[in-house]
Amino acid sequence: MITVAEVGFYESWWVQLLKALVIFAVVFQLVPIVLLAERKLLGRFQHRYGPNRVGLFGIMQPIADIGKLVFKQQFRPRTSTGWLFTLAPAISMMTAVATMAIIPFSNVVDIFGTQVGLYGIDPSIGILYAFAFGGIAFYGLMLGGWASGSKYSFLGAMRAAAQLISYEVAQGLAIVGVVMMVGSLSLTEIAAYQAEHLWLFIPQFVGFVIFTVAGFAETNRPPFDLAEADAELVGGYNTEYGGGRFAAFFAAEYVNVVVVSGIAVTLFLGGWNIPFWASAPTWLDPIVVIVKMLAFVFFFIWVRATLPRLRYDQLMGLGWKVFLPLATLNALVTAILVVAT
Amino acid sequence: MSPYDPGDVVEVVRGPRTGAAAGAYRAFAATLKGLKMTMSRYVEGPLTIQYPEEKTPVYPRFRGRHKLHRFEDTGLEKCVGCSLCAAACPADCIRVVAAENTPENRVSAGERYAAVYEINLSRCIFCGYCEIACPFDAITMGHDYEMADYNRSDLIFTKEMLLAEPLARTPLRTEGE
């Protein structure tokens with residue numbers, strides 16, 4: 001058998017199963033929260049209330065949204081390629097959820113005498129796992145748009161492919177600095193490193209900015225939502241999708257937002273550490289991570305409320321001509337400093 | 001002169017071109033500025049008036065649904081059935097049928113009174129000419145603007161309906177608000 005990646009810490013199979021379910025349940029619950037938060041916060045940013053009619057303060061709005069979509073007819077254009085059209089939302093959803101597994105909520109802890117790592121999996125390739133699934137996630141968008149057999153979808157798919165691939169390069173280079181400073185790819189070790197040293201967004205500020213901006217592009221969020229671009233491409237890759245399949249794309253986008261926030265928190269914002277309180281109790285760790293994640297999601301929404309969508313050539317120019325050289329320079333300078341000190 | 005003569009070309013004034021680095025720096029600063037702007041909007045809070053629960057206060061001169069008036073002391077109707085409002089109405093939505101006051105049945109202060117006074121609110125354009133035409137201030141434009149109904153025939157308001165106080169009072173704007 002080929003070993004793809006070594007895993008830092010093993011539990012028995014039932015613990016792994018259990019914690020996989022718990023992490024899925026908990027992180028997936030963030031999706032409706034983020035969905036509602038986005039609509040309400042966007043409203044606040046525009047002097048509005050946002051949805052506040054369904055349930056108390058509108059808390060039932062995500063259920064109403066998803067419920068509406070799920071009960072709609074599954075429509076497929078005649079020009080589409082059937083099995084790819086059906087597969088694409090599933091790919092989007094699967095990769096989004098799979099990436100969730102590597103967000104560490106704490107290190108290995110002792111729960112009722114059992115040693116459990118509070119993360120889905122801690123592979124030695126660490127952050128590269130996220131990039132691998134990020135790479136596959138493009139297929140969801142690209143195949144979805146292409147298999148729809150419509151021109152808007154096709155344009156959206158092409159944009160998605162070009163944009164996501166070019167930003168993944170910059171994003172990958174942006175975290176090289178982090179990896180060099182820590183000396184490990186494992187996310188738990190990166191988070192643990194920040195307990196003793198500065199949080200990495202201070203020494204790696206350039207990397208942090210590039211990672212965040214590339215994160216917007218990776219998750220297809222404004223101002224980089226060119227693949228969807230409602231104004232010019234109707235809905236981009238998801239133009240032809242409706243009902244449950246659209247709901248899958250929709251939910252996958254929000255899972256991606258949560259996951260990118262989780263990775264950003266782990267890489268740059270100290271993971272489960274609280275500043276100036278090194279002896280924080282262990283049970284607080286997952287809560288700290290989730291609070292930081294939600295704060296980062298707030299930033300996502302804040303940026304969405306602020307920035308207009310970029311033009312396509314501006315987007316590519318920014319990715320290749322600004323972020324790629326900057327990220328390379330950042331990696332180079334970090335390498336020199338790491339070797340020198 | 002070259003074979004291609006563009007003629008009168010206005011020179012376009014462009015801002016100084018920045019390099020990639022300066023442009024990125026500027027974009028970063030502008031982004032922060034924008035973020036600050038939206039955050040200040042957030043802090044200011046929503047300006048929405050949640051309509052069915054809260055209502056927009058109207059100005060004193062707002063022209064809403066008509067009201068017919070009585071004299072406060074005697075309780076007699078001010079309208080004497082002269083039909084000047086009907087004559088002034090550009091939408092032709094007022095119908096007045098006058099009748100003589102008798103000593104036994106005294107309805108208005110004048111010689112005659114309006115036996116039938118109907119305003120078809122589905123045709124009314126709320127111009128307020130009836131109010132201006134009325135020599136006795138018997139009809140005025142009120143502040144009520146919630147008049148939606150399921151039937152056109154329900155929108156023909158009779159004299160009794162116009163004389164009655166509207167059920168839900170619309171908030172009035174205070175001076176300077």
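From the N terminus, the elements of chain A follow the order α-α-α-β-β-α-α-α-α-α-α-α-α-α. Helices here are DSSP runs of H or I with at least four residues, strands are E runs of at least two, and both are numbered from the N terminus. That gives chain A 12 helices and two strands. This is a predicted model: local features need pLDDT of at least 70, side-chain atom pairs count only at pLDDT 80 or more, and totals for chains, interfaces and linings use all residues. Residues are numbered from 1 along each chain as its sequence is written, while chains are lettered from A and ligands numbered from 1 in the order in which they are written.

**Overall dimensions**

Chain B has four helices and five strands. Its elements run α-β-α-β-β-α-β-β-α from the N terminus. The table sets out the extent of each chain. Radius of gyration is taken over C-alpha atoms, and the globule rule is 2.2 Å times the number of residues to the power 0.38. The boxes hold the C-alpha atoms and are taken along the principal axes.

| Chain | Residues | Radius of gyration | Compact globule | Box (roughly) |
|---|---|---|---|---|
| Chain A | 341 residues | 20 Å | near 20 Å | 60 × 55 × 50 Å |

Chain A agrees with the value for a compact globule.

**A helix pair in chain A**

Helix α8 (residues 205–218) and helix α10 (residues 243–268) of chain A pack at about 170°, their axes 11 Å apart. Axes are lines fitted to C-alpha atoms, for helices over the stretch in contact, and angles run from 0 to 180 degrees between N-to-C directions. α8(A) and α10(A) are therefore roughly antiparallel, a label for angles over 145 degrees; under 35 is roughly parallel, 65 to 115 roughly perpendicular and the rest oblique.

From α8(A), F208(A), F211(A), T212(A), G215(A) and E218(A) meet V260(A), A264(A), L267(A) and F268(A) of α10(A). By class, this contact has six nonpolar, two polar and one charged residues. Contact requires C-beta atoms, placed from the backbone, within 7 Å. Ala, Val, Leu, Ile, Met, Phe, Trp, Tyr, Cys and Pro count as nonpolar, Asp, Glu, Lys and Arg as charged, and the others, Gly among them, as polar.

**The sheet of chain B**

Three strands of chain B form an open, antiparallel sheet in the order β2-β3-β5. Its edge strands are β2 (94–100) and β5 (156–157), each pairing on one side only. Pairing requires at least two DSSP bridges between strands. Seven bridges join β2(B) to β3 (residues 112–120) of chain B. Among the bridge partners, V97(B) has V116(B), and A98(B) has A114(B). β3(B) and β5(B) pair over two bridges. There, I119(B) is partnered by F157(B).

**Where the chains meet**

The contact takes 13 residues from chain A and 12 residues from chain B. The chain B side divides into six nonpolar, four polar and two charged residues.

Note on methods
Contact = placed C-beta atoms within 7 Å.
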